[in-house]
Amino acid sequence: MAPCKEEKKFLLELIDMYRSLPALWQIKSKEYSDRQTKDSAYETLLHKYREYYKEGTKDELKKKLNALRTNFRKELKKINDSQKSGAGTAEVYESSQWCFNALLFLVDQETPAPSTSTIQLSQRDTTQEVSDLSF
């Protein structure tokens, strides 16, 4: 269900406050790894969140932020994919998501994590790896 006009206005204010709290989203900052700073930032944001969602919890706030970020990532992927396709400028996808521009500060935070293989090694491969590590 799409948010109503008042809810959208409130969520844009919430996003603006979220942007002002880099401990919650800037993964390369020292504050991001500091649990106390992060908890304090969540409390500040939760206070704002409860202006609209009176009985809102920290978990609900985190889910809301995660949903917004997930939708932002999907839109960003559509844009990037349309630019890579060799399409002309008229054919490049433009997001119509109501909060996309407000979340643009997250662009450099949305780099995919390096992938890891889930292929299990055979016993022979494992033995070889262990012998390679021996001094």
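Rings of Phe, Tyr and Trp are taken to pair if their centres lie within 6.5 Å. In the predicted model described here, Phe 10, Tyr 49, Tyr 52 and Tyr 53 form one aromatic cluster on this criterion, and the structure as a whole holds seven aromatic pairs. One of these pairs is made by Tyr 18 and Phe 105, whose ring centres are 6.1 Å apart and whose planes stand at 70° to each other, an arrangement classed as edge-to-face. This pair links distant parts of the chain, since Tyr 18 belongs to helix 1 (residues 5–19) whereas Phe 105 is placed in the loop between helix 4 and helix 5 (123–133), 87 residues apart. Both partners, Tyr 18 and Phe 105, are buried.

With regard to overall organisation, the protein chain comprises five helices and zero strands, and its elements follow the order α-α-α-α-α from the N terminus on. Of the 135 residues in the protein chain, 28% are buried. Among contacts with a separation of 6 or more, 55% are accounted for by residues 24 or more positions apart.

The packing of helix 3 (residues 35–49) with helix 4 (residues 58–84) was examined in detail. On the side of helix 3, the contact is made by Asp 39, Tyr 42, Leu 45, Leu 46 and Tyr 49, which meet Lys 58, Glu 60, Leu 61, Lys 62, Lys 64 and Leu 65 of helix 4. Sorted by class, this contact of helix 3 with helix 4 has six nonpolar and five charged residues, with no polar residues. Tyr 49, listed in this contact, is also a member of the aromatic cluster with Phe 10, Tyr 52 and Tyr 53.

Two lysine side chains are placed over tyrosine rings. The charged end of Lys 62 sits over the ring of Tyr 42, at 4.9 Å from the ring centre, and both of these residues take part in the contact of helix 3 with helix 4. In the other case, Lys 38 lies over the face of Tyr 32, with a distance of 3.7 Å from the ring centre.

A further lysine, Lys 48, lies in helix 3. Lys 48 has a relative accessible area of 13%, and because buried means under 20% relative accessible area, Lys 48 is classed as buried. When residues up to four places away in sequence are not counted, Lys 48 touches Phe 10, Glu 13, Leu 14 and Met 17; of these, Phe 10 is also part of the aromatic cluster.

Asn 71 counts as partly exposed at 35% relative accessibility, and its C-alpha atom is separated by 8.5 Å from that of Phe 100, 29 residues apart along the chain. Arg 73 is likewise partly exposed, with a relative accessible area of 35%; between Arg 73 and Val 107, which are 34 residues apart in sequence, the C-alpha to C-alpha distance is 8.5 Å.

Key:
Residues numbered from 1 in each chain as written. Predicted model: local features only at pLDDT ≥ 70, side-chain atom pairs only at ≥ 80, totals over all residues. Heavy atoms only, no water. Contact = heavy atoms within 4.5 Å. Helix = DSSP H or I, 4+ residues; strand = E, 2+ residues; numbered from the N terminus. Nonpolar A, V, L, I, M, F, W, Y, C, P; charged D, E, K, R; others polar. Phe/Tyr/Trp six-rings, centres within 6.5 Å; stacked < 30°, edge-to-face > 60°. Buried < 20%, exposed > 50% of the residue type's maximum accessible area, 1.4 Å probe, protein only. Lys NZ or Arg CZ within 6 Å of the ring centre and 35° of its normal.
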